[in-house]
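Have a go at each task before you read its solution.

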Amino acid sequence: MKHWKSTVGLYLVPFFSSLCFSQNPLNFGSDILTADPSAHVWQDGKMYLYTSHDQNCQKDFWMKDWHVFSSADLVNWTDHGAVLSVDELKWADNFAWAPDAAYKNGKYYFVFPAGTGYKDRKNPDKSTKWMGIGIAESDSPTGPFVDKIGGPLWKEPYANDPAMFIDDDGKAYLYVHGRDFDYRVIEMADDMRAVKGDFYKMDMGGYEPKMEGPWVFKRKGLYYYTMPENNRELSYYTSKSPTGPWKYRGVFMEQEHEANNHHSIVEYKGQWLLFYHRWLETPKLACKPNKRQRHVAAEYINFNDDGTIKTVMRSNKGVSDFPERIKK
Ligand code: FUB
């Protein structure tokens with residue numbers, strides 16, 4: 001009997017310890033539903049995640065505010081609350097979708113999509129939904145962020161999912177997903193309160209699948225344009241310039257369920273990291289008919305010697321060993 005118990009105990013130890021140390025999705029210390037993480041490491045040496053905020057059992061992505069979380073070890077996170085809400089905007093009242101952030105001129109910028117109207121999925125001709133991109137500023141990475149322009153950066157074309165990339169020379173590039181308007185980039189004015197010049201349609205090497213949620217980063221002199229291809233699997237292009245021409249390099253994270261993904265990639269304390277969201281059963285909420293809700297998760301992302309990205313698998317462990325890794 002004693003022998004039987006100790007054998008079972010032996011098998012249970014790894015099971016329970018994996019539960020204790022599994023921290024994917026990330027533990028933000030509450031039941032908040034988060035999606036569309038935009039990761040940045042700021043001057044204070046901490047990681048900041050700007051996310052969309054799903055409402056419990058929300059209807060058709062009707063989302064109202066954005067949150068920011070910070071951490072120094074990717075395990076212990078502080079929720080700094082809502083950085084901005086559509087209630088503070090004069091020009092939008094809904095669709096607080098995937099945001100991004102930037103630091104320039106000694107200020108923090110929060111760049112976000114928001115909109116008005118209604119999307120009629122049964123009769124698309126009756127849809128009145130419109131979305132545009134706003135930019136708000138603050139002296140602090142956690143806000144409060146203020147929309148000093150009081151309007152979107154432009155009215156047409158319809159656009160969302162902004163990604164701001166600031167190059168080493170200080171130039172700020174804004175990439176968006178738009179209605180018949182993908183693979184476009186535009187430069188920001190120096191004061192970051194307007195766009196400068198015209199949209200530039202980038203050369204994607206002849207491969208332009210349906211996409212949303214672009215993200216641009218630079219590693220070892222090579223620029224990466226990553227995106228949820230078909231809104232689902234994460235794929236990428238590389239280039240020697242932030243405006244292309246780009247070369248398609250393939251998928252680095254497969255899709256999960258018939259559901260969207262949205263991500264960001266950043267280096268922190270010598271490790272390259274992928275932040276993304278997963279649609280997971282969330283029984284506590286008992287949402288019908290969509291039981292799965294979005295939760296922000298993270299994985300390590302690795303590169304081959306030629307700069308190509310190694311396939312990333314979703315894991316329960318995520319980056320929960322980050323504190324140990326950075327001690328080494
Ligand atoms: O969160 C709302 C929308 O879903 C985002 O803007 C898209 O990228 C997708 O994640």
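**Exercise 1. Find which strand gives the largest share of the lining of the largest pocket.**

Step 1: Strand 18 gives the largest share, with three residues. Strands here are DSSP runs of E, at least two residues long, numbered from the N terminus (helices are runs of H or I, at least four long). A pocket is found on a 1 Å grid over the protein atoms alone: it is an open set of points where a 1.4 Å probe fits, with protein on both sides within 12 Å along at least five of seven lines, and lining residues have an atom within 4 Å of a point.

Step 2: Before going on, note that this is a predicted model, where local features need pLDDT of at least 70 and side-chain atom pairs count only at pLDDT 80 or more, while totals for chains, interfaces and linings use all residues. Residues are numbered from 1 along each chain as its sequence is written, and side-chain values use heavy atoms, with hydrogens and water left out.

Step 3: Now look along the chain. Strand 8 (159-166), strand 9 (172-178), strand 17 (271-281) and strand 18 (292-300) each bring at least two residues to this lining.

Step 4: The pocket holds about 1400 Å³ of space, a volume being the space filled by probe spheres set on the points, which are joined across faces, edges and corners. It has 49 lining residues, and the closest to its centre are Phe61, Arg121, Glu212, Asn231 and Asn260.

Step 5: Sort the lining by class and you get 14 nonpolar, 14 polar and 21 charged residues. Ala, Val, Leu, Ile, Met, Phe, Trp, Tyr, Cys and Pro count as nonpolar, Asp, Glu, Lys and Arg as charged, and the others, Gly among them, as polar.

**Exercise 2. Work out which residues surround the ligand.**

Step 1: The ligand takes up the space of the largest pocket; to sit there, more than half of its atoms must lie within 2 Å of the grid points.

Step 2: Among the residues around the ligand are Asp36, Phe61, Trp97, Asp161, His262 and Arg294, each with a heavy atom within 4 Å of it. By class, this shell has four nonpolar, three polar and four charged residues.

Step 3: Check the polar contacts (pairs of N or O atoms within 3.5 Å). Aspartate 36 has a polar side-chain atom 2.5 Å from a ligand oxygen, and aspartate 161 also puts one 2.5 Å from a ligand oxygen. For arginine 294, a side-chain N or O atom is 2.7 Å from an oxygen of the ligand.

Step 4: Taken alone, the ligand exposes 270 Å², and the protein buries 98% of that (Shrake-Rupley method, 1.4 Å probe).

**Exercise 3. Track down the cis peptide bonds at proline 157 and proline 245, and the positive phi at aspartate 60.**

Step 1: Most residues other than glycine have a negative phi, and most peptide bonds are trans.

Step 2: Glutamate 156 and proline 157 are joined by a cis bond, with omega about 5°. Proline 157 lies in the loop between strand 7 (130-138) and strand 8.

Step 3: Glycine 244 and proline 245 are also joined by a cis bond, with omega about 0°. Look for proline 245 in the loop between strand 14 (233-239) and strand 15 (247-253).

Step 4: Aspartate 60 has a phi near 45°, and its place is the loop between strand 2 (47-54) and strand 3 (65-71).

Note on methods. A polar contact is a pair of N or O atoms within 3.5 Å; within protein, one must be able to donate a hydrogen and the other to accept it, and residues adjacent in sequence count only if both atoms are side-chain atoms.
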